[in-house]
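Here is a friendly walk through one model, with each label held up against its definition. Please have the structure open while you read.

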Amino acid sequence: MKPILRVRDLEKVFWVNKRRQGILGSALSLVAPQMEKVTAVSQVNFSLEPGEMVGYLGPNGAGKSTTIKILTGLLVPSGGEVEASGFVPWKQRQAYVAHIGAVFGQRTTLWWDLPVIDSFELLQAMYSIPAERFRRNLREFTEMLEMERFINTPVRSLSLGQRMRADLCAALLHEPPLVFLDEPTIGLDVVAKERIRQFIQKIHQERGTTIILTTHDLSDVEKLCSRVLILDQGQLLYDGSLSALSQRFDGRRLLAVTLANPAEQITLEGVEIVSRDGPRVTFSLDGHTHDPAALIQTLLARYPVTDLEVRRPELEVTIRRIYEEKLLQPAGQA
Ligand SMILES: Nc1ncnc2c1ncn2[C@@H]1O[C@H](COP(=O)(O)OP(=O)(O)OP(=O)(O)O)[C@@H](O)[C@H]1O
């Protein structure tokens, strides 16, 4: 199948005037600017098949938003090639926008002073959405995103969760096959996040929409994406499944035991205790050297236990280790 998005050797460099700090710095910056090169995106390569949903991850400043801005045609790259839905985004932006949807969680794309419904109608005119299709989508999205209560409210008066739902609807009314979601759950409470996740999942499954999702909330990714791309310092470090990632970097298991006697001094030879909270003791098992079944048998034979659980470390812990301990290297440097 032909990829819907192809990114080749993508590069984006910004030149920043280092002197632009303080009154003296501002004055000096005009007469003797001190330009510094910031490489936001470097040699990034990937492709998406139609119908994929992919998480685009990375720590702060990794280059995620810069990539998304290039892919949506808002920024011109310094090098490399992109073909998205048959277009070069920054060269054919006017025609291209009708084929994509984009949500930037940090800012709205709706008209601030207009009621939500007026923004939707303006979009209908801009994208020439046939009346019947517009009505059908609007009805369906209004119901799924529970927007009835605020559809006549000006955007500036919406809560963050309401604004995000309106933005999602706006991005999808014209049924784009390729959608970019940059932090669509940022700042939302757990209920609002879950509602948005369910909506994204439904659109993806029912319409086969290809989605790139940028987020710092790993539960978004765990629930929605089987494939992730990890970026750090502008370079792509990983392209693959979430399960392979956690297996590769965290073969560890956590064994949590609740002791019948909270005062019991418990030890297991060669196994580290990572926490103790009253009667609950958590051991860290190494995936290569420890046999969980044998250790559980030893434990049960030695100590009265009321509860026992073996689990994987959370994805968040794994990803934090990858960033902090620099466990991944860009392709070609490993
Ligand atoms: N317009 C700009 N001018 C100069 N530098 C920029 C500009 N936009 C981004 N950068 C720099 O490029 C790098 C990547 O920024 P980017 O916003 O793409 O990261 P990000 O992964 O989206 O981060 P976050 O998760 O914090 O939003 C950073 O060092 C940032 O300071």
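Predicted model: local features only at pLDDT ≥ 70, side-chain atom pairs only at ≥ 80, totals over all residues.

Q: What makes β1, β2 and α2 part of the shell around the ligand?
A: β1 (5-17), β2 (35-48) and α2 (64-71) each supply at least two residues of that shell. Residue numbers start from 1 along each chain as its sequence is written.

Q: Which element gives the most to the shell around the ligand?
A: That is α2, with three residues.

Q: How do you know that a residue such as Lys64 belongs around the ligand?
A: The test is whether the C-beta atom, placed from the backbone, lies within 6 Å of the molecule. The residues around the ligand are Phe14, Val16, Val38, Ala40, Gly58, Asn60, Gly61, Ala62, Gly63, Lys64, Ser65 and Thr66.

Q: How many residues of the shell around the ligand are nonpolar, polar and charged?
A: The shell has five nonpolar, six polar and one charged residues. Ala, Val, Leu, Ile, Met, Phe, Trp, Tyr, Cys and Pro count as nonpolar, Asp, Glu, Lys and Arg as charged, and the others, Gly among them, as polar.

Q: How do you know that β1 and β2 pair?
A: Two strands pair if DSSP finds at least two bridges between them. Ten bridges join β1 to β2, and the two run antiparallel. Leucine 10, for one, has valine 44 in β2 as its bridge partner. β1 also pairs with strand β4 (residues 79-84) in the antiparallel sense, over five bridges, and there leucine 5 has alanine 84 as its partner in β4.

Q: Why are α4 and α6 called roughly parallel?
A: The axes of helix α4 (residues 116-126) and helix α6 (residues 160-172) come within 10 Å and cross at roughly 15°. That angle makes α4 roughly parallel to α6. The classes are under 35 degrees for roughly parallel, over 145 for roughly antiparallel, 65 to 115 for roughly perpendicular, and oblique for the rest. Axes are lines fitted to C-alpha atoms, for helices over the stretch in contact, and angles run from 0 to 180 degrees between N-to-C directions.

Q: What makes α9 and α11 roughly perpendicular?
A: Helix α9 (residues 242-249) and helix α11 (residues 315-324) pack at an angle of about 65°, with their axes 10 Å apart. The two helices are therefore roughly perpendicular to each other.

Q: Why do β11 and β13 stand at the edges?
A: The strands follow the order β11-β12-β10-β13 in an open sheet of four, with antiparallel pairing. β11 (272-277) and β13 (305-311) each have a single partner strand, so one side of each is left without a neighbour in the sheet. Neighbouring strands here are turned by 20° against each other on average, direction ignored.

Q: What are the edge strands of the sheet of six?
A: This open sheet has the order β5-β6-β7-β3-β8-β9, with mixed pairing. Its edge strands are β5 (100-104) and β9, each pairing on one side only. The twist averages 15° from one strand to the next. Inside the order, strand β3 (residues 53-57) and strand β7 (residues 210-214) run parallel and are joined by four bridges.

Q: How many residues lie between β8 and β9 in their hairpin?
A: There are two, and glutamine 233 in the turn has a positive phi of about 50°. Strand β8 (residues 227-232) and strand β9 (residues 235-241) pair in the antiparallel sense over six bridges. Leucine 229 stands opposite aspartate 239 in β9.
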